[in-house]
Amino acid sequence: MKRSAWACVVVLAAIAIAVLGWQFRPAGEPSSSGYAGLADSSGDFAVAGPHIELRFPQDHGPHPDYRIEWWYLTANLRGEDGRPFGVQWTLFRQALAPPTALATDDQPWSSRQLWMAHAAVSTPSDHYFAERFARGGIKQAGVRITPFAAWLDNWSLMAPPATRGLEHLEVTAQGDDFGYRLQLTAEGPLVRHGDGGFSQKSADGQGSMYYSQPFYRVSGEVRIAGESIAVSGRAWLDREWSSQLLGPGQSGWDWFSLHLDSGAKLMAFRLRGGGEANAGDYVSGSWISAQGQVTPLGDDQGDEELRLTPLAHSRVAGRRLPTAWRVEVPGHGLDFEVRARHPKQWMGTSFAYWEGMVAVEGSHAGVGYLEMTGY
Amino acid sequence: MTPARMAVLRTSLATLLSHYRRHPGQLAMLIVGLWVASALWSGVQAINASARDSYARAEALFSSDLDSITRRDGRPLSLDDYLTLRRAGLRVSPLVEGEWTSAAGDTLTLIGIDPLTLPDDAPLGRTESSAGSLRDWLLPPHRVRVAPDTAAQLNDATRLPPLEIDPALPPGTLVTDIGVAQRLLGFEGQLTRLVIAAERSAELPAGFVRTSAAVIASPGQLTESFHLNLTAMGLLALVVGLFIVHAALGLALEQRLGLLRTLRALGVPARTLIAALALELLVIGLVGAALGIASGVLLAQALLPDVAASLAELYDSNVGTTLALPWHYWLGGLVITLGGLFSAGASMLWRAARLNVLALGQAQAWRGRLRRQLGIQGWLGGVLLLVAALLWWRLSGRAGQQELALSFAMVAALLLGTALWLPPLLAGALRLAARRLRNRPLAQWAVADLQLQLPRLQLPMMALLLALATNLGVGSMVGGFRLTFLDWLDQRLLADLYVRPPAEQFDAVRDWLIERPEVATLLPARSSDATLIGSDSRNAGGTDTATPVKLFGIAPEPILRRHWPLLDTHAGREAAWRALAGGEAFINEQLARRHSLAPGDTLRLRTAQGTRRLSIAAIYPDYGNPSGEITLPVTRLASEFSAPPGSLGVVLAKDRASRDALMARLREGLAARFGLAGPTLIDQRSLKRSATEVFERTFAITQALNALTLGVAGLALLTTLLAQAETRRAQLAPLWALGVTRARLVGVQLAQLLAAATGTALLAVPLGLALSYALVAVINVAAFGWRLPLHVFPGQIAVTLMLALMVAALAALLPAWRLWRVPPRQLLQEFAAS
């Protein structure tokens, strides 16, 4: 599994460079592509903005005129013996060319849409992951609105027949040495981040359309190296699409989705670089009450203050990553530490990043997921 | 080394080399010998290296641990089939493969891939990691990857996507995105096969079959024999060339013995002298190797298109027509040439090292030495011939692919052993002759003089023997093969016209043809594929294999039953045909030999319709076909193996009008009624013509190399004669002084050489026949899987004898002419000097 993953990295390095221009640039040198090319200018693609109103269930489906989009599920689980497990299921859609290009979306084999899926299971001391690719137009991968279904090959995130929306879902994926099948039930409403669903990502004003369903209760089973483990816990689904996620000079992000024991949730991110001399990190987030009310946090005018401070670093896959953080939201009396369960939760996929379960301790306790890209 | 010793070395080297200034002919002979030896060897090696490079590329591309998945019912795979398997969690990747014809008329293999699902490190999916490559690949105008040698011949900018050069691809292959390939091939919605990483196990749904990558025959294995053949020819040329070198070096040493003694007497240490001689060898070797390798590459360039065509026809494998030479090729050429030179020069160095400073020229000592040397040669030759006989005994009857190297070893031992026997035999013949010529002084002198020349002449004569024998052996093998092959073609191609209608018209065309008065008999044929999974043989016991075989369906009409060639049957020809009708099968010779099958044995086959057991009724020859084939009645192939419609052979009525008129009428009718023309109608005559062309081309290389070897042998003789011309003059001068005219002396010289050449040629005849027999009975069986009857062509033998005499006469002509022109004054001087 590790071997094939690395072979994937080699073979599909072309994709990394081609589609995304994966590179690390020292701060201070303006970059036009950022992590995974997400800072490429939007060109002829549709542009996310505060004027766009989210509509459901339509917006659960794909937005092919935007460059990039994802269906991103993370779950913090426990086995019956209390051991913590983490599960990730992600479907990425990438448009290789704007809608004006010659290729169409549904022509078999010559679609401009590219699909990529990542699946991972974190155990208390280990990490398993896999990735798959498919092109659009042949129904090998796709997203259907009603009843909701997102899939690539036999990896799927699917609502039961004759349902609308995302209240009940079943998610499944299998790698060579791991797999899972989980049932999800939403216990709260959908949450729009930022300005009614437009989440600004830099001082320049570009950003993404972004909403979440953070209230899933989960049960099911995780299979690791042939062993089946019954698990239960919480899950968080992120939906996001954009044509230019990062601003010029931004190199990557640190992203938190936390379930606090009080029932409240916190989403927070820091985009590194950009702004004046690429020195200004852009910080933003959402405080979500147990009932689903959202308070925007961050740098923008009128937002409550949010501070994210790295506390300790770990050496992972030849990189230095901050795996312990201090998170402060003075307005809500939040001041706690977020620590990775273990640093080995590295996604050695074609676009490599760190994605793993974390524990919260301090003014509040809880669990969650941390994502770090562009290191 | 001290400066003083350096100076001594330099002076000795200059002194030694000054010999060549006085005898430029010897230097030329040395260089020419090295040059031709190394040129032929490097030429053959260049061809082999280029072909191997092509196979390696093809093998890496096609059988690189990718298993194939196809539908059990043989229909093309659809997109839905692909999705079904992907949804079941199988990590298969779709592939489209077909023949695509360029604007220039070249047929290329076009492969469409999906880089997103191709198993990890498959070479097919390797893309240049330049920015934008995946986007360029997936989006219009897309890209097509092609090897540099193929790109050079492609100029189809209008129909193909922009080219991307990929040196790892085999020649004649285009790789592009699957969508583009479907469009270019007209395969919209179809997939040729699905591939899956070989190490990945998978539970396939019922309707699909998986073929292991290991079963797909690699071109490298099949063609190995062909290349071994070429290598053997190259080696022969190298040996013949080294004979020249050895002769030249021996002569150069002989004439410098006095010089060497003087140098030693002047205080040059023996070690310095040897170093100087070795240095001289190295310099000459480097010059010869450089010349040889350069001309070898030129030679290979000239021959490669023919080799590529042969390989394509024989084994269906693509070989680039431009040379691709790895670094080790150049190094290898140099090492072989220098190694050959030093092995030829070793005796010279040895003799120089043991030089007796005080010994004076011992004119008569040669006699004793020669006798000793001939004795050793006789022994050595005897041992080699014994080895050859033992190998022959071991190989006869059971020659497989793996025995090929042994077969060549046997031939090498046979050739070398006989060559070593040549000088003792010639010496013996001369002794006999000398006894008979007691009363004719001049003739007696000529015989004695020829004995004196023997040490010099023996090497070029051995070279001539080898060249003549191979010429004769290969010539009669090819000649015999041609006869057998043409005969076989006549037996197999019974129909006057072959019609290959589209599948949907097949029945209508057949019914129409049956009704036509021009048609005497209709011979429909179909073919299909199967896998031979085992056999129950009475001789070899049971075997389990998984070999792809071709199923061929024939119509056992009376005319076919009369002519179809059969090699071996279970119970006679008639019984075999009855058995075929009764459910048994015929198999081709290749299949029979590879699996040690005989009539009466049983085959187990896996086909799309399940497994079958077939009993073997007869074995038939199938020249030119690299793979195993099983023949059944066409009706059975259609009903039981669902073979698609194939061709219809039309035997024209004999008694009505002329063949051409009947043919024209039939062609008109087919064109008018069914719109059939062009490549769907094949005239038997053009089929035979192209088959014969293939045949000729296959052996063009062999014959070219043969002719070159004979040329080299002639050259060896010429250079030897030229080199010793001066010494000879000193020996002839006394005769002239005794009153023998120059014209008679020239005549004696010519007669001597012709006698030696005749002796050599007489020995070459049985050797050539033995070689020919080894080729048809052992080497061909191992290399191609078929055995040919031995044909002896007296005309060819006569031509070979004439050729030997002509070569000898031509070689002797120049020295003889020189002798003719020598002024009497010079002869007088030389007489006085001697």
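**View 1. Helix H3 of chain B and the residue that follows it.** In this predicted model, H3(B) is followed by B:Gly89, whose phi is positive, near 90°. Within H3(B), the buried residues are B:Asp81, B:Tyr82, B:Leu83, B:Leu85 and B:Arg86. For B:Tyr82 the relative accessible area is 0%, so this residue is classed as buried.

**View 2. Aromatic pairs within chain A and between the chains.** Over all chains, a search of the whole structure finds 17 aromatic pairs. In one of them, the ring centres of A:Phe56 and A:Tyr211 are 4.7 Å apart and the planes stand at 70°, so the pair is edge-to-face. A:Phe56 belongs to the loop between helix H2 (13-20) and strand S1 (68-79) of chain A, and A:Tyr211 to strand S12 (residues 207-224) of chain A; the pair therefore ties together parts that are 155 residues apart in sequence. A:Phe56 is partly exposed at 27% relative accessibility, whereas A:Tyr211 is buried at 1%. A further pair joins A:Trp109 and B:Tyr82, with ring centres 5.9 Å apart and planes at 40°, so the arrangement is tilted. This pair crosses between chains, from A:Trp109 in the loop between strand S2 (84-95) and strand S3 (113-122) of chain A to B:Tyr82 in helix H3 (residues 79-87) of chain B. A:Trp109 has a relative accessible area of 2% and is buried.

**View 3. An aromatic cluster in chain A.** One aromatic cluster is formed by A:Trp70, A:Tyr72, A:Phe92, A:Tyr210, A:Trp253, A:Trp255 and A:Phe269.

**View 4. Salt bridges in both chains.** The search of the whole structure finds 32 salt bridges over all chains. One of these joins the side chains of A:Arg217 and A:Glu187 at 3.1 Å, N to O. A:Arg217 lies in strand S12 of chain A and A:Glu187 in the loop between strand S9 (178-186) and strand S10 (191-192) of chain A, so the pair ties together parts that are 30 residues apart in sequence. A:Arg217 is partly exposed, at 37% relative accessible area. The side chains of A:Asp254 and A:Arg272 also meet in a salt bridge (3.1 Å, N to O). This pair links strand S14 (residues 250-260) of chain A, which holds A:Asp254, with strand S15 (residues 265-273) of chain A, which holds A:Arg272, 18 residues apart. Both A:Asp254 and A:Arg272 are buried. In chain B, B:Arg145 and B:Asp166 form a salt bridge through their side chains (3.1 Å, N to O). B:Arg145 is in strand S5 (residues 144-146) of chain B and B:Asp166 in the loop between strand S6 (163-165) and strand S7 (173-177) of chain B, 21 residues apart. B:Arg145 is buried at 1% relative accessibility, and B:Asp166 is buried at 5%. A network of salt bridges links A:Glu305, A:Arg307, A:Arg326, A:Glu328 and A:Asp335.

**View 5. Helix H9 of chain B and its kink.** The 27 residues of H9(B) (residues 327-353) should span 39 Å at 1.5 Å a residue, and the end C-alpha atoms are 36 Å apart, which agrees. A kink of about 40° is centred on B:Gly345. Buried residues of H9(B) include B:Gly340, B:Leu341, B:Ala344, B:Gly345 and B:Met348.

**View 6. A nonpolar surface patch on chain B.** B:Trp35, B:Val283, B:Val287 and B:Leu291 form a nonpolar patch on the surface, with about 320 Å² of accessible area together. Helix H8 (residues 270-315) of chain B gives the most to this patch, with 3 residues. B:Leu291 lies in helix H8 of chain B and is partly exposed, with a relative accessible area of 35%.

Technical notes
Residues are numbered from 1 along each chain as its sequence is written. Chains are lettered from A and ligands numbered from 1 in the order in which they are written. This is a predicted model: local features need pLDDT of at least 70, side-chain atom pairs count only at pLDDT 80 or more; totals for chains, interfaces and linings use all residues. Side-chain values use heavy atoms; hydrogens and water are left out. Helices (H or I, at least four residues) and strands (E, at least two) are DSSP runs, numbered from the N terminus. The expected span of a helix is 1.5 Å times one less than its number of residues. The bend at a residue is the angle between axes fitted to the seven residues ending there and the seven starting there. Buried means under 20% relative accessible area, exposed over 50%, partly exposed in between (1.4 Å probe, protein chains only). Patches are made of residues with over 30% relative accessible area and no salt bridge: like charges are joined within 9 Å, nonpolar side chains (Val, Leu, Ile, Met, Phe, Trp, Tyr) within 5 Å. Accessible areas come from the Shrake-Rupley method with a 1.4 Å probe; for residues, only the protein chains shown count as cover. A salt bridge is a side-chain nitrogen of Lys or Arg within 4 Å of a carboxyl oxygen of Asp or Glu. Rings of Phe, Tyr and Trp (its six-membered ring) pair if their centres lie within 6.5 Å; planes under 30 degrees apart count as stacked, over 60 as edge-to-face and the rest as tilted.
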